Every structure is written in structure tokens, then in C-alpha cells.
Amino acid sequence: MSTDVIPALLPRRQGGPEMPGPRRINLALQGGGAHGALTWGVLDRLFEEPDLEIVAMSGTSAGAMNAAVAAYGLATDGPAGARAALGQFWRQVAREGRHSPWSATLFERLAGLEDARLLAGRAWLEAVMRSASPYDLNPLGHNPLADILRESVDFTVLRQAAPVQLFVSATNVRTGQARIFRTDEITAEAVLASACLPQFFHAVEIDGEHYWDGGYASNPPVLPLAAETDCDDILVVQVDPVRIGQVPTTPRAIQDRIDVLAFNAGFLRDMRALARQGRTRLHLIEAEERMADLSAASKLNTSLTFLDGLFQLGRTRAGQFLESHKSSLGVHSSLDVQARFL
């Protein structure tokens with residue numbers, strides 16, 4: 001089934017405690033550029049749990065890439081294959097990132113100037129984008145992520161043999177609506193569409209329609225997980241800090257905060273809808289305090305040191321979640337949406 005809108009919550013079996021056996025969960029994976037390495041770490045830790053069954057994964061942007069790569073790894077070699085595929089993918093991102101014009105030199109890294117280089121590179125890029133679009137600067141539409149993604153995933157195998165359901169969101173440029181690509185529709189183009197920031201890349205054309213980053217409409221899509229699977233537990237891996245400690249006062253900090261709020265508006269709306277509906281058990285892994293300390297420019301930071309730091313943070317937060325809330329899976333929500341998001 002293919003549709004350009006997020007499905008309504010469809011009637012299905014009444015929610016209730018799961019029967020004894022593997023703890024079954026759906027995963028909803030946020031996007032966030034290089035910050036998606038946090039999710040890499042979370043998944044790496046979750047795939048170590050022998051009695052945890054992933055029923056479905058949804059994702060946007062970097063979350064969509066994590067979901068596709070992990071599902072392909074599961075299809076080829078189970079949880080160990082998923083961990084290996086994710087590690088290979090993110091290390092390839094780091095290798096390709098060395099060619100970035102704003103990648104810090106060894107001296108800059110040793111001197112602690114890596115973030116300054118990223119901020120300068122971002123400022124330069126934004127200045128260029130005010131007078132020229134990706135269609136002017138990159139007329140052939142080359143996207144370095146495309147090569148990495150196709151090297152990491154055999155999408156024919158993924159569509160035919162994925163042991164989990166997949167939901168990847170992109171935003172229809174013409175209608176402004178979310179398009180949810182399901183397992184049998186997942187291609188490299190669908191995942192690239194989900195991660196297509198229009199300031200950097202050409203819109204991705206699929207079946208005559210053009211798509212931008214799914215974060216503009218659904219980051220990540222949670223309603224399909226509730227409506228189209230037989231699992232009542234959704235674990236959200238949150239990358240963007242919805243809550244922050246201080247009000248931003250500089251032009252750059254204000255704009256960064258606006259961007260985060262815009263990319264989370266649909267997600268917060270859908271979480272509130274699920275909380276009101278009351279059937280779905282909701283859970284959350286996040287590192288808001290640590291992620292809020294990172295600049296928005298660091299979403300462009302693909303150095304292996306930076307990515308590995310986020311990977312380790314993700315593993316730690318996933319381990320803390322499992323220690324505190326694994327017993328809640330299949331029983332009750334461990335996330336109070338009212339208290340956290342309202």
C-alpha cells in the first residue's frame with residue numbers, strides 16, 4: 001500500500017500486556033545529520049539483547065538510513081549482521097567526510113578548533129546559498145551519501161527479505177504532505193529523499209513526485225507503527241533536544257532553535273495523539289542534556305572521533321534504558337508524554 005499521507009490510527013486488537021516470550025518493540029528513529037550516530041550506538045546495544053524482538057522500524061533522514069542499514073544487516077546475518085552493517089556504514093561516512101571542505105585538519109583537531117572550522121564552513125555555505133541554489137552549484141545533482149548507501153545496502157534483498165517492517169518518511173515538495181515509504185517500496189532513492197535537505201541537494205524524484213527531508217512533516221513517523229503493526233510498544237530514539245535549559249539570545253542560536261522546533265512539530269503532535277488514544281505503550285531513549293550542548297553545525301561533523309563519541313553515548317543511554325525500563329516493555333508505558341512534551 002502506498003499513500004502520500006500518514007495513515008489514521010486504524011482499529012485493531014485491543015492493547016494489553018503482551019504474552020510471555022521475547023519483548024517485542026517498534027523503533028522510531030529521529031533524523032539529525034551526523035548526530036544520528038547516537039542512534040547507531042543505541043541500536044548496537046539493543047541488538048545485543050537476546051530476548052528483544054524488533055517488529056518494525058520507522059525513520060527520517062539519518063534515522064531512515066539507520067533503519068535501512070540495520071534492517072539489511074538483520075536480513076543477511078541477524079542482530080550481529082545489523083551491528084556490523086551499521087558500523088561499516090558510519091565508518092564509511094567518516095572516511096568520505098575527510099574530503100569535506102569544512103573537515104578539520106589534524107592541527108585544528110589537536111588545537112580544539114574543530115567546532116570553529118565547522119561554524120566557519122556553515123557560515124560560508126549559508127552565505128553562498130543565499131545567492132545560489134544546489135541546482136546552480138551542483139547541476140548534476142551528485143549526492144555523496146548515495147554511493148555510501150548503495151554500497152551499504154542491497155535494496156533488492158532488503159525489500160524481499162527484511163525481517164522487520166519499515167516505514168521511511170519524506171516530504172512531498174508539491175503538496176507539503178508526508179509520504180510514508182513501506183518495506184516493499186524502500187529504495188536508495190526513498191531513503192535519500194528522506195534525508196534531502198533542500199539547501200544542499202536537489203529534490204529527489206520518485207514516480208513523478210519530488211521529495212525533501214521527511215523532518216519537515218514527520219520526524220520520525222510514529223503513527224504507522226501504531227496503525228500497521230501488531231506490536232503495542234513504540235520506543236522512540238530522540239536525537240534533537242526538544243527541551244533546552246536556556247533561552248537562545250544570539251541570531252545563530254535563535255535560528256538553530258527555530259529549526260529544531262520546526263523539525264519536531266509533527267513528531268510532538270503525533271506523540272500527543274498516541275498518548276490521548278491510550279492503546280500504545282510509549283518509551284524513549286534520549287540524551288537531551290548532552291545533545292543540547294552540541295552546536296547545530298556539528299551535524300556536519302563526520303570525524304570518526306566525534307561519531308564514535310556519539311556512538312558510545314548512545315550505547316550508554318540504551319543500556320540505562322534497558323536497566324530501568326526493559327521490564328515495562330509489553331506491560332506499560334515508561335514515558336509520560338503529558339509530563340515531558342505538554
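I took helices (H or I, at least four residues) and strands (E, at least two) as DSSP runs numbered from the N terminus, and with that I placed His-202 in the loop between α8 (188-194) and β5 (204-206). Before going further I noted that this is a predicted model, in which local features need pLDDT of at least 70 and side-chain atom pairs count only at pLDDT 80 or more, while totals for chains, interfaces and linings use all residues. Residues are numbered from 1 along each chain as its sequence is written, and side-chain values use heavy atoms, with hydrogens and water left out.

**Entry: His-202**

I looked up the cover of His-202 and found that at 18% relative accessibility it counts as buried, where buried means under 20% relative accessible area, exposed over 50% and partly exposed in between (1.4 Å probe, protein chains only). Leaving aside residues up to four places away in sequence, I listed what His-202 touches: Pro-134, Tyr-135, Asn-138, Pro-139, Leu-140, Gly-141 and Cys-196, a contact being heavy atoms within 4.5 Å.

**Entry: the whole protein**

I counted 13 helices and eight strands in the protein, and 53% of its 342 residues count as buried. Among contacts between residues at least 6 apart in sequence, I noted that 79% join residues at least 24 apart. The accessible surface comes to about 15,200 Å², with 55% of it belonging to carbon and sulfur atoms; such areas come from the Shrake-Rupley method with a 1.4 Å probe, and for residues only the protein chains shown count as cover.

**Entry: cysteines**

I searched for disulfides, meaning pairs of cysteine sulfur atoms within 2.5 Å, and the count by this rule came to zero. Cys-196, which His-202 touches, is buried at 1% relative accessibility, and Cys-231 is buried with a relative accessible area of 1%.

**Entry: helix α1 and the aromatic pairs**

I then turned to helix α1 (residues 37-46), where 10 of its 10 residues are buried, among them Trp-40, Asp-44 and Arg-45. For aromatic pairs I used rings of Phe, Tyr and Trp (its six-membered ring) with centres within 6.5 Å, planes under 30 degrees apart counting as stacked, over 60 as edge-to-face and the rest as tilted; the count came to six. Trp-40 lies in helix α1 and Trp-90 in helix α2 (residues 62-97), so the pair ties together parts that are 50 residues apart in sequence. Trp-40 is buried at 2% relative accessibility, and Trp-90 is buried at 4%.

Phe-181 lies in strand β4 and Tyr-211 in strand β6 (residues 209-213), so parts 30 residues apart in sequence are tied together. Phe-181 counts as buried at 1% relative accessibility, and Tyr-211 counts as buried at 1%. I also noted that ring pairs link Trp-40, Phe-89, Trp-90 and Phe-311 into a cluster.

**Entry: salt bridges**

I defined a salt bridge as a side-chain nitrogen of Lys or Arg within 4 Å of a carboxyl oxygen of Asp or Glu, and found 20 by this rule. In one of them the side chains of Arg-83 and Glu-48 meet at 3.1 Å, N to O, linking helix α2 to the loop between α1 and β2 (52-59), 35 residues apart. Arg-83 is partly exposed at 30% relative accessibility, and Glu-48 is partly exposed at 32%.

Lys-299 and Asp-240 meet in a salt bridge at 3.0 Å, N to O. Lys-299 lies in the loop between α11 (288-292) and α12 (304-325) and Asp-240 in the loop between β7 (233-237) and α10 (251-277), so the pair ties together parts 59 residues apart in sequence. Lys-299 is partly exposed at 26%, whereas Asp-240 is buried at 4%.

Arg-340 forms a salt bridge with Glu-288, the closest N and O atoms being 3.0 Å apart. Arg-340 lies in helix α13 (residues 337-341) and Glu-288 in helix α11, so parts 52 residues apart in sequence are tied together. Arg-340 is buried at 16% relative accessible area, and Glu-288 is buried at 6%.
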